Amino acid sequence: MVTQITRGIKISVHTSFEGTYFKNYKIHFAFSYEITIENSSKDSVQLVSRHWEIFDSLNELEIVDGEGVIGKKPVLKPGEKHTYSSGCLLSSPFGAMKGYFNMVNFTTTRNFRVIVPNFRLSAPFALN
């Protein structure tokens, strides 16, 4: 698990290898990740959008931007947490992801970024 705190918002990421799949006559490696967003600040905040950089050791960098996370824009009061799960397919057994969440602070009405630390995606069978 990796964690990082930005402006009182703690991000924790746990990853899992889910298996291999054949699609269009090509093997794909499936990974899941669980992200917990914890508000340790004194203000209520809302996650409004996300930015991902997905690195695949056999493919080019993929950039993904979108609103919310899994169709939600969670509001977190001080001390609250939001956990969600998602996943990605890679063309190799090794990769990584990193990014950020765009948030808004309800007290100051200012937007800010919360960093999602780099997390590795690796199939256990491929490791020495």
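Colleague: Where is leucine 61 placed?

Modeller: This is a predicted model, in which local features need pLDDT of at least 70 and side-chain atom pairs count only at pLDDT 80 or more, while totals for chains, interfaces and linings use all residues. Residues are numbered from 1 along each chain as its sequence is written, and side-chain values use heavy atoms, with hydrogens and water left out. Strands here are DSSP runs of E with at least two residues, and helices are runs of H or I with at least four, numbered from the N terminus. On that basis, leucine 61 sits in the loop between strand S4 (45-56) and strand S5 (62-67).

Colleague: Is leucine 61 buried, partly exposed or exposed?

Modeller: Buried means under 20% relative accessible area, exposed means over 50%, and partly exposed lies in between (1.4 Å probe, protein chains only). Leucine 61 has a relative accessible area of 43%, so the residue counts as partly exposed.

Colleague: Which residues make the nonpolar surface patch that includes Leu61?

Modeller: A patch takes residues with over 30% relative accessible area and no salt bridge, joining like charges within 9 Å and nonpolar side chains (Val, Leu, Ile, Met, Phe, Trp, Tyr) within 5 Å. Accessible areas come from the Shrake-Rupley method with a 1.4 Å probe, and for residues only the protein chains shown count as cover. The patch covers about 250 Å², and its members are Phe55, Leu61 and Ile63.

Colleague: Which residues of the largest nonpolar core touch the most other members?

Modeller: A nonpolar core is a set of buried Ala, Val, Leu, Ile, Met, Phe, Trp, Tyr and Cys residues joined through side-chain atoms within 4.5 Å. The largest one holds 25 residues, and those touching the most other members are Ile11, Ile35, Ile37, Trp52 and Phe101. Among the strands that each supply at least two residues of this core are strand S2 (9-23), strand S3 (26-39) and strand S8 (94-105).

Colleague: How is the pair of tryptophan 52 and phenylalanine 101 arranged, and at what angle between the planes?

Modeller: Rings of Phe, Tyr and Trp (its six-membered ring) pair if their centres lie within 6.5 Å, and planes under 30 degrees apart count as stacked, over 60 as edge-to-face and the rest as tilted. By this rule there are seven aromatic pairs. The pair of tryptophan 52 and phenylalanine 101 links strand S4 with strand S8, 49 residues apart. Their centres are 6.0 Å from each other and the arrangement is edge-to-face, with an angle of 80°.

Colleague: What relative accessibility does tryptophan 52 have, and what does phenylalanine 101 have?

Modeller: Both residues count as buried. For tryptophan 52 the value is 3%, and for phenylalanine 101 the value is 0%.

Colleague: How many salt bridges are there, and which one involves glutamate 67?

Modeller: A salt bridge is a side-chain nitrogen of Lys or Arg within 4 Å of a carboxyl oxygen of Asp or Glu, and by this rule the count is two. In one of them, aspartate 43 meets lysine 42 at 3.7 Å, N to O; aspartate 43 is buried at 10% relative accessible area, whereas lysine 42 is exposed at 72%. Glutamate 67 is exposed at 58%, and lysine 73 is partly exposed at 38%. The salt bridge of glutamate 67, at 2.8 Å from N to O, is with lysine 73.
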